Amino acid sequence: MHPTLETARPIDLQDNTGLPEGTFPRGLRPDTWRLLLRAGLRGHFFKPGESLPMGPGDRDVYIIWDGAVQQERFPLGEGRGAPRITRFRGRGQVVGEAKLVTPDDSSVHTRCLTATVAIPCDERSFNALLRRRLEAQRALLRSLEARNRSDELLYATVTRPPLERVSRLVAHLADTTGVPDPRVPHRTVVSGIGQKDIAAALQIAVSTTENALRTLRYHGGIVEARYRQLVVNSVDELRHFVAGL
């Protein structure tokens, strides 16, 4: 781990235009976003390994402003050996949105993979905002639809070769959770995510994930796998590689 990489991107809650396309804050006009900040939205810092407080007694929906989280859902219950669905969420994405419909919902475990800045939004205030402002409704719905489509492409294409699936997910993580390496141009570092995490998310064997990452390393060193860290030496080259598969 390189601690300086965790703080390579300055945190400025005032500017929502630098967040990824398709996310909820990016879908709001800058003046609307600043209005929400003046109304009391504040970023909270969470350490790696901490869980966002999203239990039955917690009523907050969260906007991930910086960092990365891992979400796990247990569709058949949390018994021993029960199947789980793993997803990674990054900058600009909303988590815990089920509380907007079912306030007591707590079926998703959300753990910070890196130092993370998340903005808690009380579900009652969030729902009031959605009722008052059509702009906010559309921004949220568009962000959830964009996330669903991204999830389908990344996690549901089980008939595609593992190398393609792993490459697509790594490129996505570089875009949404990666931090530029200030020492090396074009290099992006994805921290907190290991080979076992990728294998769990794609529901493939760890050895299959290792082979895919090894291929990416041998192919011009596009990606280097370290302990709970992926170093993408060129996101553009990685996208070009995926397009050719």
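A residue is called buried if its relative accessible area is under 20%, exposed if over 50%, and partly exposed in between (1.4 Å probe, protein chains only). The model is predicted: local features need pLDDT of at least 70, side-chain atom pairs count only at pLDDT 80 or more, and totals for chains, interfaces and linings use all residues. Residues are numbered from 1 along each chain as its sequence is written, and side-chain values use heavy atoms, with hydrogens and water left out.

**Aromatic rings**

Rings of Phe, Tyr and Trp (its six-membered ring) pair if their centres lie within 6.5 Å; planes under 30 degrees apart are stacked, over 60 edge-to-face, and the rest tilted. The count of aromatic pairs is three, and the table describes two of them.

| Pair | Centre to centre | Angle between planes | Class |
|---|---|---|---|
| F24 and F126 | 5.5 Å | 35 degrees | tilted |
| W33 and W65 | 5.4 Å | 5 degrees | stacked |

Helices (H or I, at least four residues) and strands (E, at least two) are DSSP runs, numbered from the N terminus. F24 lies in the loop between helix 1 (3–6) and helix 2 (30–38), whereas F126 belongs to helix 3 (residues 123–132), so their pair ties together parts that are 102 residues apart in sequence. Both F24 and F126 are buried. W33 lies in helix 2 and W65 in strand 2 (residues 60–66), so this pair joins parts 32 residues apart in sequence. W33 is buried, with a relative accessible area of 0%, and W65 also counts as buried, at 4%.

**Nonpolar cores**

A nonpolar core is a set of buried Ala, Val, Leu, Ile, Met, Phe, Trp, Tyr and Cys residues joined through side-chain atoms within 4.5 Å. The largest core holds 28 residues, of which F88, V166, L169, V170, I198, V223 and L238 touch the most other members. Among the elements that each supply at least two residues are helix 4 (134–155) and helix 5 (162–176). Helix 5 gives the most, with six residues. Apart from this core lies another, of 23 residues, including L28 and L130.

**Backbone angles**

Most residues other than glycine have a negative phi. Q203, which is not a glycine, has a positive phi of about 55 degrees. Q203 is found in the loop between helix 6 and helix 7 and counts as exposed, at 62% relative accessibility. R228 likewise has a positive phi, near 50 degrees. R228 sits in the loop between strand 10 (223–226) and strand 11 and is partly exposed, at 28% relative accessibility.
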